[in-house]
Amino acid sequence: MMKSSIQIPSVSRDERIGSVFNQLFSIISKTELSEDDVVEWDFSETEFLHPFFIAPLSIYKQSCYKRIECCNKNSMVENYHRTISFDDTFKINDELQNDALNYFRGKTYTPIFSFPTNNVAISDKLEQIVQSIIQSQTEYGKSLQAPLSYILSEIVCNINQHSRAKHGYIYCQYLKKERTINICIADDGDGVLSSYIRTKLHLKDVLNDAIALKYANNGYSTKGLPERGFGLRTSRSILVNGLGGAYFMLSGNAFYRHQKDGEGAVLLPPNIIWDGTIVLLRIPIDIPKDFCLYNYLEN
Amino acid sequence: MSRILVKELLGEDIRSRANANKIKTEITNIASPIIIDMQGVIFVSRSFSDELLSIADAISAKIVNTDGEVKTMIDIVRRSRSMHKERVAITDNVIELNDMNSVHDYFSSIR
C-alpha cells in the first residue's frame, strides 16, 4: 500500500482569527492531492497546536475519505491527543452525566466533543456542561454567563436547524496568557450555500459560498420568515462589538471574518473546500464594565 | 384554564428552538384558554423565545411569571417581531483568492 507523508507544523498562535487555516488549508490540500491510499501525518515537529487548528484538524480527519495515520508524536503530544479524543472525538449520548467530565474542570481545555444533531436534549445538555466546565476553568465573572449562553445556543441551534448534519462538534480551550476562551463549533452538514439552494431563497444574489456567508451573517435567513435571521448577526455583535472578541466562519469554499477592525467574506481558491461549517469564537474573559447584553439584541 | 409549567417540562435552562415542540405537543387538543407559566426558568435562548412566541400567538396563550433575564429576552424578541426588520444591505465586495500563495498573502497582510 502506498503512503505519502505530510509534516504537521507547530501552530501555536492565531493572532488574526482564522489565520491558522493558512497552514490547515495547506495540509488539507496536500492530503486531497495525494494519490496514495494512506496519508501519514507526521507530528515530529509538533509541540503545541492552537485550539483553532487542532479541532478542525481532528474534524477533517474524521470525515476524510482517505485513511490518515498519525505518526512520530512525542509523548506530550500523544498524551494530549488521547485526552482530548483527537483521533475519534468524544462522542456524546443521552447517558452523559454532569459529573462525567469533572476531570476537565481542572484543565484549560475540553475534549473534542461530537454530538448527534437529531436530539436537541443531548446538544442542550452538552452546551450546559461545556459552559459549566469553562466556568470552572476560567472562573469568569457572572456578567459573561448570559452572553456565553446566548452565543453558544444560537450557533448550536443553527446546526440543528439548518445544516442537515449528522454530527456537531464543540471544542474549547482557555488560553491563560491571552485571557481568552477559544471555542470551535462545527458540523458535517451541507454548508451554508446549500441551505440557500435547498430553500431557493435569495438565489438571485447568493451566487457562491462567500455571498452565502455574507447573507447568513447579516440576517438573511433561509427560513424566509421576517422574525428569523437574528441569531448569527446578534451573536457576532455581542461577541465583537460588545465583548471585544473575534469571529470566524468557514463553509464550503469561503470564510467570513469579523474582528474589531472590520468584517468581510473571502472566496477561497477552487481546490479548497470545507464540507460543512466551522465557527471559531475568541471570547475575552475580561469584559467591558459598561457591557449590557440587551443592547445588542434588537434590530 | 390550562397551565403549562415550562420548568417541569423543559428545565430551567432552555436553549434549542426545537424545545418549543414539546410545548406544542402538550397543548394539542387543549381547548381551554392556556397559560404558559415560566416560573423557575432562568435562561431562554433567543431562538426558543421566538418559537415560544409563535406558539403563544397562534393559540392566544398568555406567557406569565417571566423574571429577570427571561423576561428581558422575551420582551426584546416580542418587540423585534413586531418591528420592521432592518437588514444590512450587502454592498461591499467579496475578496477572491485564486491560489494558495494568495491565501498565504492574505493572512499575512490582515491586521
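In this predicted model, strand β10 of chain A (262-267) pairs with strand β6 of chain B (residues 95-96) in the parallel sense, over 2 bridges. Within this pairing, A:Leu267 has B:Glu96 as its bridge partner in β6(B). Two strands are taken as paired if DSSP finds at least two bridges between them; strands (E, at least two residues) and helices (H or I, at least four) are DSSP runs, numbered from the N terminus.

Residues are numbered from 1 along each chain as its sequence is written, and chains are lettered from A and ligands numbered from 1 in the order in which they are written. Local features need pLDDT of at least 70 and side-chain atom pairs count only at pLDDT 80 or more, while totals for chains, interfaces and linings use all residues; side-chain values use heavy atoms, with hydrogens and water left out.

The size of an interface is often given as the accessible area lost when the parts come together. Between chain A and chain B, about 4300 Å² is buried, 56% of it on carbon and sulfur atoms; this area is computed with a 1.4 Å probe and summed over both parts. Contact (heavy atoms within 4.5 Å) links 50 residues of chain A with 44 residues of chain B.

The chains share 1 salt bridge, a term for a side-chain nitrogen of Lys or Arg within 4 Å of a carboxyl oxygen of Asp or Glu. B:Arg15 and A:Glu127 form a salt bridge through their side chains, at 3.1 Å from N to O. Elements giving two or more residues to the side of chain A that touches chain B include α1, α4 (120-138), α7 (209-217) and β9 (254-259) of chain A. The largest share, 9 residues, comes from α5(A). By class, that side of chain A divides as tabulated.

| Class (members) | Residues on the side of chain A that touches chain B |
|---|---|
| Nonpolar (Ala, Val, Leu, Ile, Met, Phe, Trp, Tyr, Cys, Pro) | 23 residues |
| Polar (the others, Gly among them) | 16 residues |

Strand β2 (residues 38-42) of chain A is joined to β3(A) by 5 bridges, and A:Val39 stands opposite A:Ile68 in β3(A).

Terms used
Buried area is the accessible area (1.4 Å probe) that two parts lose on being put together, summed over both.
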